Amino acid sequence: QVQLVESGGGLVQAGGSLRLSCVASGSFFSQGAMAWYRQAPGKQRDLVARVTNRGGTNYADSVQGRFTISRADAKNTVYLQMNSLKPEDTAVYYCNADLFTSTGWKNAWGQGTQVTVSS
């Protein structure tokens, strides 16, 4: 069993910052790519940022230059630093990770953390 737990969401004014964290736990040997997605009410879940196990990153155009994804494999953790937040960033943010287990690679999702940006 593997589990991802997000934290760090909350209410912030436009222009403010938040830092999301996601910790992987359970029985696995290593982490592959890790990512953050978000889903606003009535919309589909979209990729926000992704980081490979070699540190390569990619971002959605809407967050490029404002958000930074990073990982600390020794802590089984991926972060999302969000700066210059806008009301349109309001969504539930989900962590996603590929984890190598005794039965092979597994893709896991966190339960989500709410981010609300007020204007």
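Is Phe29 buried or exposed? Phe29 is exposed, at 60% relative accessible area, which puts it past the 50% cut-off. Keep in mind through all the views that this is a predicted model.

View 1. Take Thr101: Phe29 and Thr101 are 72 residues apart in sequence, yet their C-alpha atoms are 5.8 Å apart in space.

**View 2. The whole chain is built from strands, with zero helices.** There are eleven strands in the protein chain, and from the N terminus on the elements read β-β-β-β-β-β-β-β-β-β-β. The radius of gyration is 14 Å, close to the 14 Å that the globule rule gives for 119 residues, so the chain is as compact as a globular protein of that length. Along the principal axes, the C-alpha trace spans about 45 × 25 × 25 Å. Buried residues make up 41% of the 119. Of the contacts with a separation of 6 or more, 56% come from residues 24 or more positions apart.

**View 3. The largest nonpolar core holds 28 residues.** Look for Trp36, Leu80, Met82 and Tyr93, the residues with the most contacts inside this core. At least two core residues come from each of these strands: S3 (18-26), S4 (30-39), S5 (46-51), S7 (67-72), S8 (77-82), S9 (91-101) and S11 (113-118). S9 gives the most, with five residues. As a general rule, nonpolar side chains in soluble globular proteins tend to be buried together.

**View 4. A disulfide joins Cys22 to Cys95.** The count for the structure comes to one disulfide, and its S to S distance is 2.1 Å. Cys22 lies in strand S3 and Cys95 in strand S9, so the pair ties together parts that are 73 residues apart in sequence. The torsion about the S-S bond is about -80°, so this disulfide is left-handed. How accessible are the two partners? Cys22 is buried, with a relative accessible area of 0%, and Cys95 is buried, also with a relative accessible area of 0%.

**View 5. Asp89 takes part in salt bridges with Arg38 and Arg66.** The side chains of Asp89 and Arg38 meet at 2.9 Å, N to O. Asp89 lies in the loop between S8 and S9 and Arg38 in strand S4, so this pair ties together parts 51 residues apart in sequence. Both of these residues are buried, and for Asp89 the relative accessibility is 1%. Arg66 and Asp89 meet at 2.8 Å, N to O. This second pair links distant parts of the chain, with Arg66 in the loop between S6 (57-59) and S7, 23 residues from Asp89. Arg66 is buried as well, with a relative accessible area of 11%.

**View 6. Arg71 and Asp73 form another salt bridge.** Their side chains meet at 2.8 Å, N to O. Arg71 counts as buried at 18% relative accessibility, whereas Asp73, at 36%, counts as partly exposed. Through shared partners, salt bridges join Arg38, Arg66 and Asp89 into one network. A search of the whole structure finds three salt bridges.

How values were computed: Residues are numbered from 1 along each chain as its sequence is written. This is a predicted model: local features need pLDDT of at least 70, side-chain atom pairs count only at pLDDT 80 or more; totals for chains, interfaces and linings use all residues. Side-chain values use heavy atoms; hydrogens and water are left out. A nonpolar core is a set of buried Ala, Val, Leu, Ile, Met, Phe, Trp, Tyr and Cys residues joined through side-chain atoms within 4.5 Å. Buried means under 20% relative accessible area, exposed over 50%, partly exposed in between (1.4 Å probe, protein chains only). Helices (H or I, at least four residues) and strands (E, at least two) are DSSP runs, numbered from the N terminus. A disulfide is a pair of cysteine sulfur atoms within 2.5 Å. The radius of gyration is taken over C-alpha atoms; the globule rule is 2.2 Å times the number of residues to the power 0.38. Contact means heavy atoms within 4.5 Å. A salt bridge is a side-chain nitrogen of Lys or Arg within 4 Å of a carboxyl oxygen of Asp or Glu.
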